[in-house]
Amino acid sequence: MHQAAHRVLVVGIDGVRLDVLNRLPTPQLDALAAEGFLAPIEVDADTPTMSGPCWATVVTGVTVAKHGVWSNDFTGNRLDVFPDFATRLAAQDGRRTFVAAGWQPLMQAHHGGPLFRAPSRTAYISPTADTPEAWEHCDEQITEAAVRVLADAEAAAEGVAGAADDVVASFVYLGAPDETAHFLGCGEEYEASIRRADARLGRLLAAVRSRPSYADEQWTFLVVTDHGHVDAGGHGGRTSEERTAWLVAAGPGIGPAPRPLRHADVAAQVFAALGRHPDRHWTLDGRPFAAAPHAVLLDMDGTLVDTESLWLRTVREAVPRIGADDLFDVLGRSAAEAAARLLPLTGDNDPQPLAADLEARFLTAVQREAAPLPGALALLDLLQESGIPAALVSASSRPVMDAVLKTLGADRFRTTVAEGETPRRKPAADPYLAAARALWVDPAACLAVEDSPTGVAAAEAAGCRVLAVPSYAPIDPGPRRTVRRGLEGIGREELWAAGL
């Protein structure tokens with residue numbers, strides 16, 4: 001299956017108040033927001049509402065306590081430990097990145113800079129003076145330089161798609177709105193500068209869409225501001241006008257904004273959009289809001305097939321005196337584990353005969369009656385269409401799993417893990433760790449789909465994101481855990497947002 005190349009463009013527009021933006025005609029931003037979302041970002045209480053700290057958080061994915069940029073003087077920063085996304089991708093992955101900006105601390109060793117340490121390619125054009133007019137001219141030049149790179153002009157001239165720089169992640173900075181507010185306040189000239197920034201954004205988007213290789217690429221667009229302004233111009237205080245920033249995002253898997261956003265989420269989303277799962281040692285503070293799982297690890301019973309009711313019926317038939325609490329306690333457990341837990345109810349001393357009885361009864365029921373749950377086959381089809389490998393991870397035995405695979409289609413799964421094939425069973429992490437290892441993926445980059453608390457505990461112990469679809473026992477939402485009523489209606493946006 002052909003996989004489209006992923007690309008990211010981040011456009012930083014300095015100092016644009018959200019309330020002003022909302023009342024202005026900005027067709028380029030409006031169109032992107034319609035494809036994805038426009039959402040507020042509140043500058044956190046520890047971060048000064050200044051460009052240096054805010055932009056550092058945006059591009060590093062960590063907050064001021066880590067990157068150490070506390071003002072527009074970057075002296076004393078820790079950007080060598082917590083570098084910007086363009087430098088990380090270039091230095092650690094060998095990917096081509098591009099940054100275009102005119103504010104000196106972003107690009108040069110000035111007042112403790114640069115913020116962007118070592119992108120693959122840069123365009124730095126400083127304004128001739130700190131005036132609104134000079135900054136408008138600077139932004140115009142920066143836009144022209146960025147258009148040439150984003151359009152892949154060298155490849156176009158050669159008639160070869162993707163033959164030139166092959167830049168995968170870019171950051172373009174536009175500073176005129178902020179400078180205009182400083183000099184003239186948040187009046188008509190400020191609004192006009194915002195509209196001009198929107199038009200420049202349109203030129204950047206048009207350049208991307210003109211690329212010879214555009215049809216084979218999937219682009220994520222992130223447009224963000226750092227802070228707002230007071231009416232008279234200026235910032236640095238704690239008013240809502242100064243602390244309220246915003247993000248516009250559009251691209252693969254991006255739907256409505258799912259939760260309160262932070263500046264640190266922008267860099268995290270850049271990595272996610274490129275399929276780059278962050279190293280834990282990066283200690284990012286941001287989280288992506290849409291990320292394609294590197295693999296989806298699916299429970300079987302009660303998640304993909306309607307076997308939980310068969311299992312509960314089997315247990316009731318084998319242990320007629322069982323109560324509701326004991327009955328639901330064996331959900332998601334193997335026949336051996338269930339027999340060990342149910343032994344006090346039978347008066348027997350050996351759990352093995354009960355385990356064998358449970359296994360035989362359940363296998364017969366599955367062979368005769370198991371059927372896919374609503375949405376199960378559609379989800380598996382979506383994974384195949386998206387090129388995301390799937391694994392089946394079950395507490396059922398191999399004979400039961402093989403019977404279910406005849407219903408689901410064995411070719412839908414790259415690997416399968418049945419009961420007894422790992423040292424420990426669910427709720428231990430072993431089955432999920434084994435599936436991730438077989439697929440050569442980091443468990444933390446995987447999405448596990450489960451219906452029982454036992455299965456959720458196993459998936460989370462392995463470090464997976466979790467999509468829970470409770471069957472009988474309730475499951476509450478939690479960190480890296482999304483709960484929904486069933487599998488029906490899951491599309492790419494729901495899949496990419498699950499467990500984030």
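Which residue of β6 stands opposite His 6? In the predicted model examined here, His 6 faces Gln 218 of β6.

Strand β1, comprising residues 5-13, is mostly covered, with seven of its nine residues buried. The pairing of β1 with β6 is parallel and extends over eight bridges. A parallel pairing also joins β1 to strand β5 (residues 169-174), here over six bridges. Within the latter pairing, Leu 9 has Ser 170 of β5 as its bridge partner. In a regular strand, side chains alternate between the two faces of the sheet.

For Leu 247, when neighbours within four places in sequence are set aside, the contacts comprise Phe 37, Leu 38, Ala 39, Ile 41, Leu 222, Val 223, Val 224, Leu 261, Val 266 and Phe 289. In soluble globular proteins, nonpolar side chains tend to be buried together.

The loop between β7 (244-250) and α12 (264-273) contains His 263. Because its relative accessibility is 6%, under the 20% limit, His 263 counts as buried. The side chain of His 263 comes to 2.9 Å from the backbone oxygen of Thr 225. With neighbours within four places in sequence left aside, His 263 is in contact with Ile 41, Val 43, Cys 54, Thr 57, Val 58, Val 224, Thr 225, Asp 226 and Ala 245.

The side chains of Ser 396 and Asp 301 are joined by a polar contact of 2.4 Å. Beyond residues up to four places away in sequence, Ser 396 touches Met 300, Asp 301, Phe 362, Ala 418 and Glu 419. Asp 301 is therefore, at the 4.5 Å contact cut-off, one of the residues touched by Ser 396.

Thr 239 occupies the loop between β6 (217-224) and α11 (240-243). Its relative accessible area of 33% lies between the limits of 20% and 50%, so Thr 239 is partly exposed. The side chain of Thr 239 forms a polar contact of 2.6 Å with that of Glu 242. Thr 239 and Gly 228, eleven residues apart in sequence, are separated by 9.2 Å in space from C-alpha to C-alpha.

With regard to cysteine, a search of the whole structure finds zero disulfides. Cys 186 is in no disulfide, the nearest cysteine sulfur being that of Cys 54 at 16 Å. Cys 186 counts as buried, with a relative accessibility of 13%. Cys 138 is also buried, at 1% relative accessibility.

Note on methods:
Residues are numbered from 1 along each chain as its sequence is written. This is a predicted model: local features need pLDDT of at least 70, side-chain atom pairs count only at pLDDT 80 or more; totals for chains, interfaces and linings use all residues. Side-chain values use heavy atoms; hydrogens and water are left out. Helices (H or I, at least four residues) and strands (E, at least two) are DSSP runs, numbered from the N terminus. Buried means under 20% relative accessible area, exposed over 50%, partly exposed in between (1.4 Å probe, protein chains only). A polar contact is a pair of N or O atoms within 3.5 Å; within protein, one must be able to donate a hydrogen and the other to accept it, and residues adjacent in sequence count only if both atoms are side-chain atoms. Two strands pair if DSSP finds at least two bridges between them. A disulfide is a pair of cysteine sulfur atoms within 2.5 Å.
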